Amino acid sequence: MPETNRFMDAALDAARAAGARGEVPIGAVLVLDGEIIASAGNETRAANDITAHAEILAIRRAAERLGQERLTSADLYVTLEPCTMCAAAISFARLRRLYYGAEDPKGGGVDNGVRFYGQATCHHAPEVYSGIGETQAARILKDFFKERR
């Protein structure tokens, strides 16, 4: 599998834009039938909303655009391993696949932490592919926090 693809490249662009706004630089794009139908970067600070993670916003925007809460044929590309809150939203939206860039050993909820999709209480687990654009995603985050320290 290539290091990146056009969908992860779009998520990386959304992450960079979030960082430029002073948000933690995480980006997500939601894809349906080979088309990006929603894109978002973190907006927690701008919205004063701790749930305004890139994944949640992309899911909300796609659901609004399609007029439905279930996105069963859609795939999500996100630059960082989703936290438990976002992993749950991905499950509840019934997304088909999750592609993510960098792992998050401290805050991730997919392959780290609670490993949400492996829990008996998880009703739907997407196919998960990690490491897509990992180097670029990790660099964007490291550079962002390095500038702030």
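Strands S1 and S2 form a hairpin in which two residues lie between them, and Asp33 in the turn has a positive phi of about 50°. Helices (H or I, at least four residues) and strands (E, at least two) are taken from DSSP runs and numbered from the N terminus. The model is predicted, with local features requiring pLDDT of at least 70 and side-chain atom pairs counting only at pLDDT 80 or more, while totals for chains, interfaces and linings use all residues. Residues are numbered from 1 along each chain as its sequence is written, and side-chain values use heavy atoms, with hydrogens and water left out.

The bridge partner of Leu32 in S2 is Glu35. Asp33 is not a glycine, despite its positive phi. With a relative accessibility of 71%, Asp33 counts as exposed; here exposed means over 50% relative accessible area, buried under 20%, and partly exposed in between (1.4 Å probe, protein chains only).

A positive phi of about 50° is also found at Asn48, again not a glycine. Asn48 belongs to the loop between helix H2 (44-47) and helix H3 (54-66), and its relative accessibility of 72% makes it count as exposed.

Helix H5 (residues 134-148) comprises 15 residues and reaches 22 Å from its first C-alpha to its last, close to the 21 Å expected at 1.5 Å a residue. That expected span is 1.5 Å times one less than the number of residues. Within H5, Ala137, Ile140, Leu141 and Phe144 are buried. Viewed down the axis of H5, the buried residues fall within an arc of 90°, so they line one face of the helix; the arc is that of the directions from the helix axis to the C-beta atoms. An α-helix has 3.6 residues a turn, so residues three or four places apart point the same way. On the other side of H5, Thr135, Lys142, Lys146 and Glu147 are exposed. The cover over the buried residues of H5 includes helix H1 (6-20), strand S3 (74-80) and strand S4 (97-102).

The cysteines remain to be considered. A search of the whole structure finds zero disulfides, a disulfide being a pair of cysteine sulfur atoms within 2.5 Å. Cys83 is in no disulfide, and its nearest cysteine sulfur, that of Cys86, is 3.7 Å away. For Cys122, the closest cysteine sulfur is that of Cys83, at 14 Å, too far for a bond. Cys122 counts as buried, at 14% relative accessibility.

Note on methods: Contact = heavy atoms within 4.5 Å. Pairing = 2+ DSSP bridges.
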